[in-house]
Amino acid sequence: MGIKNERRKKHRASEVEPSRRTEWREGHFIPAENTHCQKRFQLVNSKDGSPSRMRKIHVTWENNQGVQKFYDCLQLASNSPSEWPDINVPDENRQESATDTVYWKFAEIDCAHGMCHIHPTGHNPPSGNPANAIELLQLNSISDVRRAQCLSGRLIRTIESKIIEKHNDGGGLNEQELERIVEESVRSAS
């Protein structure tokens with residue numbers, strides 16, 4: 001079984017929510033290969049305006065036709081970092097790497113290979129047991145990628161604000177609570 005088929009097997013919607021579709025609805029949009037990668041991040045402030053232990057990461061691959069694919073997530077530091085690491089973007093063909101307990105990426109939104117989906121607790125959560133991905137949008141054209149990018153931005157902002165509301169700087173957040181916050185945010189965005 002190829003990597004793509006193995007990934008699809010791990011991302012069945014029926015494992016996320018039994019009443020939903022039993023297969024991913026991959027679209028037929030194929031991102032162009034001749035793209036420029038742009039990485040951006042933004043520190044997230046706590047309720048009082050002081051820096052929190054979170055940052056937003058946004059990576060796009062675009063050409064003259066527009067964004068071809070993107071990756072968004074929130075990243076949480078186990079303590080207040082004086083310096084953040086370089087942005088490491090997961091590759092869709094990568095082998096899973098060891099869990100990073102110092103800088104945990106969660107609410108990871110992948111928009112490539114014909115669909116946009118979110119990994120609530122990230123690809124590599126501290127427990128080593130990622131929650132099942134949730135399908136967000138089928139991608140059939142570049143305009144679907146733009147729609148997915150808008151949806152992704154709204155979801156990340158919603159998740160961020162819910163976390164800051166409950167935990168101020170992101171401290172004390174556990175995987176189960178995060179999974180609930182992400183699922184709630186996805187439902188409200190649908």
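Predicted model: local features only at pLDDT ≥ 70, side-chain atom pairs only at ≥ 80, totals over all residues.
Residues are numbered from 1 along each chain as its sequence is written, and side-chain values use heavy atoms, with hydrogens and water left out.

User: In what order do the elements of the chain run from the N terminus on?

Analyst: The chain has four helices and six strands. Helices (H or I, at least four residues) and strands (E, at least two) are DSSP runs, numbered from the N terminus. The order is α-α-β-β-β-β-β-β-α-α.

User: What percentage of the residues in the chain is buried?

Analyst: Buried means under 20% relative accessible area, exposed over 50%, and partly exposed in between (1.4 Å probe, protein chains only). The chain has 190 residues, and the buried part is 46%.

User: Which strands are the edge strands of the sheet?

Analyst: The sheet is open, with six antiparallel strands in the order β1-β2-β3-β4-β5-β6. An edge strand pairs on one side only. Two strands pair if DSSP finds at least two bridges between them. The edges are β1 (36-45) and β6 (134-138).

User: By what angle are neighbouring strands of this sheet turned against each other on average?

Analyst: Axes are lines fitted to C-alpha atoms, for helices over the stretch in contact, and angles run from 0 to 180 degrees between N-to-C directions. For this average, direction is ignored. The value is 15°.

User: What angle does the direction of helix α3 make with that of β3?

Analyst: Helix α3 (residues 142-167) packs on the sheet. Contact means heavy atoms within 4.5 Å. The helix touches β1, β2 (51-63), β3 (66-77), β4, β5 and β6. Its direction and that of β3 make about 15°.

User: Which strands does helix α4 touch?

Analyst: Helix α4 covers residues 175-189 and also packs on the sheet. Its direction makes about 30° with that of β4. The strands touched are β4, β5 and β6.

User: Which residue in the hairpin of β1 and β2 takes a positive phi?

Analyst: β1 and β2 are joined by nine antiparallel bridges. The hairpin has five residues between the strands. The one with a positive phi, near 90°, is Gly 49.

User: How many residues of β2 are buried?

Analyst: β2 has 13 residues. The strand is largely enclosed by the rest of the structure, because its buried count is 11 of the 13.

User: How many residues lie between β2 and β3 in their hairpin?

Analyst: These strands pair antiparallel over 10 bridges. Glu 62 stands opposite Val 67 in β3. The number between the strands is two.

User: Which residue in the turn between β4 and β5 has a positive phi?

Analyst: The two strands run antiparallel and share five bridges. Their hairpin leaves two residues between them. The one with a positive phi, of about 40°, is His 113.

User: Is Asp 110 buried or exposed?

Analyst: Asp 110 sits in strand β4 (residues 103-112). 10 of the 10 residues of β4 are buried, so this strand is largely enclosed by the rest of the structure. The relative accessibility of Asp 110 is 13%, so it counts as buried.

User: Which side chain makes a polar contact of 2.9 Å with that of Asp 110?

Analyst: A polar contact is a pair of N or O atoms within 3.5 Å; within protein, one must be able to donate a hydrogen and the other to accept it, and residues adjacent in sequence count only if both atoms are side-chain atoms. Asp 110 has such a contact with the side chain of His 123, at 3.3 Å. The partner at 2.9 Å is His 119.

User: How far from Cys 116 is the nearest cysteine sulfur?

Analyst: A disulfide is a pair of cysteine sulfur atoms within 2.5 Å, and the structure holds zero. Cys 116 is in no disulfide, and the nearest cysteine sulfur is that of Cys 111. Cys 116 is buried, with a relative accessible area of 1%. The distance to the sulfur of Cys 111 is 4.2 Å.
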